[in-house]
Amino acid sequence: MSTIHHTGTHHQAASALPDMPRVFDPVLAGRAITDGLEYLKKRWGWSGSKIARILHLAPNTVNTWLKNSFVPLHNTNLAMLPPDIQAIVHLLAIHRSLEAMFENPVHQRAWLTTLHPLLNMTPEEKMQTSMEDLIFVRQYLDYARGRGA
């Protein structure tokens, strides 16, 4: 066990402390999700309605979430997130991957709007086609990043 010397006594290092119980807070999580969507919206210059098209959700729903800075999370079972929340998680993961690949949001948007030979369309168009295609774009970026792209 690692120790830290402080005024002649030994104290356990923070890494040796027992794990604290983790409690899912749906209010905190709902706010964190909208923070992520707002950041994506700002970086990519997207409207709430465009985000809704990508997420396959009603524009009024997404715009209300953004206006209230809150996505309601009623299901506290993280293994069984509702499809609308899963869609947001996939979109935020796509954003995270593009942020890692391209620091400049102009280049991120260029990747999203350029015809991709594997997709036979732009990634943005592919994501709007279906939830499965949104997931496909996420998986493609995960694969590309894993290969050092």
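Visitor: In what order do the elements of the protein run from the N terminus on?

Guide: The order is β-β-α-α-α-α-α-α-α, which comes to seven helices and two strands. Please keep in mind that this is a predicted model.

Visitor: What share of the 149 residues in the protein is buried?

Guide: Buried residues make up 34% of them. As for contacts with a separation of 6 or more, 58% are between residues 24 or more positions apart.

Visitor: How should I think about a nonpolar core?

Guide: In soluble globular proteins, nonpolar side chains tend to be buried together. Here the largest nonpolar core has 28 residues. Those touching the most other members are Trp44, Trp46, Ile51, Ile88, Leu91, Ile94 and Met127.

Visitor: Which elements give two or more residues to this core?

Guide: They are α1 (26-44), α2 (48-55), α3 (59-68), α4, α5 (105-113) and α7. The largest share comes from α4, with six residues.

Visitor: Let me zoom in on α2. How many of its eight residues are buried?

Guide: Six of the eight are buried, so α2 is largely enclosed by the rest of the structure. The buried residues are Gly48, Lys50, Ile51, Ala52, Ile54 and Leu55. They pack against α1, α3, α4, α6 (123-129) and α7.

Visitor: Ile51 was also on your core list. Which residues is Ile51 in contact with, leaving aside neighbours within four places in sequence?

Guide: Ile51 is in contact with Leu37, Leu40, Lys41, Trp46, Val62 and Leu91. Leu91 and Trp46 are also on the list of core residues that touch the most other members.

Visitor: How do I describe two helices that pack together?

Guide: Two packed helices are described by the angle between their axes and the distance between the axes. Ile51, Ile54 and Leu55 of α2 meet Ala87, Ile88 and Leu91 of α4. By class, this contact has six nonpolar, no polar and no charged residues.

Visitor: And how do α4 and α7 cross, roughly parallel or roughly perpendicular?

Guide: The axes of helix α4 (residues 83-101) and helix α7 (residues 131-146) come within 9 Å and cross at roughly 30 degrees. That makes α4 roughly parallel to α7, because angles under 35 degrees count as roughly parallel. The crossing is left-handed. On the α4 side, the contact is made by Pro83, Ala87, Val89, His90, Ala93, Ile94, Arg96, Ser97, Leu98, Ala100 and Met101. On the α7 side, the residues are Met131, Leu134, Ile135, Val137, Arg138, Leu141, Asp142 and Arg145. By class, this contact has 13 nonpolar, two polar and four charged residues.

Visitor: Where is Ile135, and is it buried or partly exposed?

Guide: Ile135 is in helix α7. With a relative accessible area of 23%, Ile135 is partly exposed. Ile135 and Ala93 are 42 residues apart in sequence, while their C-alpha atoms are 9.7 Å apart in space.

Visitor: What is the phi of Asn120, and where does Asn120 lie?

Guide: Asn120 has a positive phi of about 60 degrees, although it is not a glycine. Asn120 is in the loop between α5 and α6. With a relative accessible area of 64%, Asn120 is exposed.

Terms used:
Residues are numbered from 1 along each chain as its sequence is written. This is a predicted model: local features need pLDDT of at least 70, side-chain atom pairs count only at pLDDT 80 or more; totals for chains, interfaces and linings use all residues. Side-chain values use heavy atoms; hydrogens and water are left out. Axes are lines fitted to C-alpha atoms, for helices over the stretch in contact, and angles run from 0 to 180 degrees between N-to-C directions. Helices (H or I, at least four residues) and strands (E, at least two) are DSSP runs, numbered from the N terminus. Angles under 35 degrees count as roughly parallel, over 145 as roughly antiparallel, 65 to 115 as roughly perpendicular and the rest as oblique. A crossing is left-handed if the near helix is turned anticlockwise from the far one by less than a right angle, and right-handed if clockwise. Contact means heavy atoms within 4.5 Å. Ala, Val, Leu, Ile, Met, Phe, Trp, Tyr, Cys and Pro count as nonpolar, Asp, Glu, Lys and Arg as charged, and the others, Gly among them, as polar. A nonpolar core is a set of buried Ala, Val, Leu, Ile, Met, Phe, Trp, Tyr and Cys residues joined through side-chain atoms within 4.5 Å. Buried means under 20% relative accessible area, exposed over 50%, partly exposed in between (1.4 Å probe, protein chains only).
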